[in-house]
Amino acid sequence: MATSNVLAGARVVLPTGIVDGGRVIVEGTRIAGASSEDAPVVDLSGHWLVPGFVDLHNHGGGGASFTSGTAEEVLRGVHTHRLHGTTTVVASTVTGEMDVLAQRAGLLSELAEQGDIAGIHFEGPFISPCRKGAHSEELLRDPDPAEVRKLIDAARGRAKMVTLATELPGGIDSVRLLAEHGVIAAIGHTDATYEQTVEAIDAGATVATHLFNAMPALGHRTPGPIAALLEDERITVELINDGTHLHPAALQLAFHHAGAGRVAFITDAMDAAGFGDGRYLLGPLEVEVSEGVARLMEGGSIAGSTLTLDRALKRAVTVDGLPVEDAVAALSANPARLLGVYDQVGSLEPGKDADLVVLDAEFTLKGVMRKGEWVVDPQLG
Ligand SMILES: [Zn+2]
């Protein structure tokens, strides 16, 4: 049950900077500006207090798939990520038959209505066969606006993002349609040139799906999508910071060029996140997870990650050497703004949901609160 708490003594990461020994007051499900007299004080000295994480792109966890699991299984996956600090998650699908995806949208939209997930991200089927990654080639199709429309209708207002290869026939019209309906058009699994990418951004695309992965590399005569996506102020770039998908120098390059306000750390997690090695299905494709790296059984493409956002943050600060406030913004404020929910989540400010994460001095997760309730009780030993 949500109660009142004063969280005191931590190094608190606020939108305005880091406050040593700051106080965050929780009243019911929200952060409050002032506390009632008798509210118990939780002493978080020696710890960090940061906003709950917001994951824009996530296919599952805890052995459960957002793309094929039952509602119960989806909730298990959501819970697994909450245990790792992700208090807001968008459920991502992978390429499938159109009617299967429409059905999926129906199930996920109910969970969104109940507040269990923040919405739906369709990754595919409108992606490039040249950059298909872990998507079924025979089910890929060109982005026909009428079909894009069917998917977002099936999601009953809960579609948040569609990843598409905008250079394909119908790509630009589909971007326009998505923008008109308030759905994020994300450029990804793409073989676009620099010029084609600029055209898609001008048409209304605002996100780069896992920048660097599943797109042409940056070339000095063929700068491709990466240069166009990094240089344009209108684009937020997703990064999978698991140590497998990106070299730390690529991550630094993205932060340097885009600036800390335009980066969103995502997990792109599949079922094995928070679960373990073994064999899994990603949509219709078989995946083997070994030492935490997911690869297709056939061909060996990387097939999503087993990342959780607490690890992405720890890595960003302790391995990549990012400033704490920049790493935290990439996990909270930036994705929350993109989703249009920054008035509710994404920072530790009065009036917002009491979604927060406690970390020790080494950035290991020690507590998670969602809407005023501890999901992971603070372990402060
Ligand atoms: Zn994905």
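Helices H2 and H3 run roughly parallel to each other in this predicted model, because the angle between their axes is about 25° and angles under 35 degrees count as roughly parallel. Helix H2 covers residues 98–113 and helix H3 covers residues 145–154, and their axes lie 8 Å apart. On the side of H2, the residues that meet the partner helix are Met98, Leu101, Ala102, Ala105 and Gly106, while H3 contributes Glu147, Lys150, Leu151 and Ala154. The spacing of such positions can be read against the geometry of the helix in general: an α-helix has 3.6 residues a turn, so residues three or four places apart point the same way.

The contact involves Leu309, Ala312, Leu313, Ala316 and Val317 of H8, together with Val324, Ala327 and Leu331 of H9. The crossing in which H8 passes H9 is right-handed.

Considered as a whole, the chain contains 10 helices and 21 strands. Its radius of gyration is 20 Å, close to the 21 Å that the globule rule gives for 381 residues, so the chain is as compact as a globular protein of that length. Along the principal axes, the C-alpha atoms fill a box of roughly 65 × 45 × 40 Å. Of the 381 residues, 54% are buried. Among the contacts with a separation of 6 or more, 68% are between residues 24 or more positions apart.

Threonine 163 has alanine 186 in E12 as its bridge partner.

Alanine 186 of this bridge is also among the residues in contact with alanine 205, which lies in the loop between helix H5 (194–203) and strand E13 (207–208). Alanine 205 counts as buried because 29 C-beta neighbours lie inside 10 Å, where 20 or more are required. When neighbours within four places in sequence are left aside, the contacts of alanine 205 are Thr166, Val175, Ala185, Ala186, Ile187 and Ala200. Alanine 205 and threonine 166 are 39 residues apart along the chain, and their C-alpha atoms are separated by 8.9 Å.

Helix H6, residues 224–231, is mostly covered, with six of its eight residues buried. These buried residues are Gly224, Pro225, Ile226, Ala228, Leu229 and Leu230. They pack against strands E12, E13 and E14 (236–240), and against helices H5 and H7 (248–258).

A further open sheet consists of three strands in the order E16-E17-E18, and its pairing is antiparallel. Strand E16 (278–282) and strand E18 (293–296) are the edge strands, each of which pairs on one side only. With direction ignored, neighbouring strands of this sheet are turned by 35° against each other on average. Strand E17, residues 285–290, pairs with E16 in the antiparallel sense over five bridges, and leucine 281 has glutamate 286 in E17 as its bridge partner. The antiparallel pairing of E17 with E18 extends over four bridges, and valine 289 stands opposite alanine 294 in E18. E17 and E18 form a hairpin with two residues between them, and in the turn of this hairpin glutamate 291 has a positive phi of about 50°.

Terms used. Residues numbered from 1 in each chain as written. Predicted model: local features only at pLDDT ≥ 70, side-chain atom pairs only at ≥ 80, totals over all residues. Buried ≥ 20, exposed ≤ 12 C-beta atoms within 10 Å, placed from the backbone. Contact = placed C-beta atoms within 7 Å. Rg over C-alpha atoms; globule rule 2.2 N^0.38 Å. Pairing = 2+ DSSP bridges. Left-handed = near helix turned anticlockwise from the far one by under 90°. Axes fitted to C-alpha atoms, helices over the stretch in contact; angles between N-to-C directions. Parallel < 35°, antiparallel > 145°, perpendicular 65-115°, else oblique.
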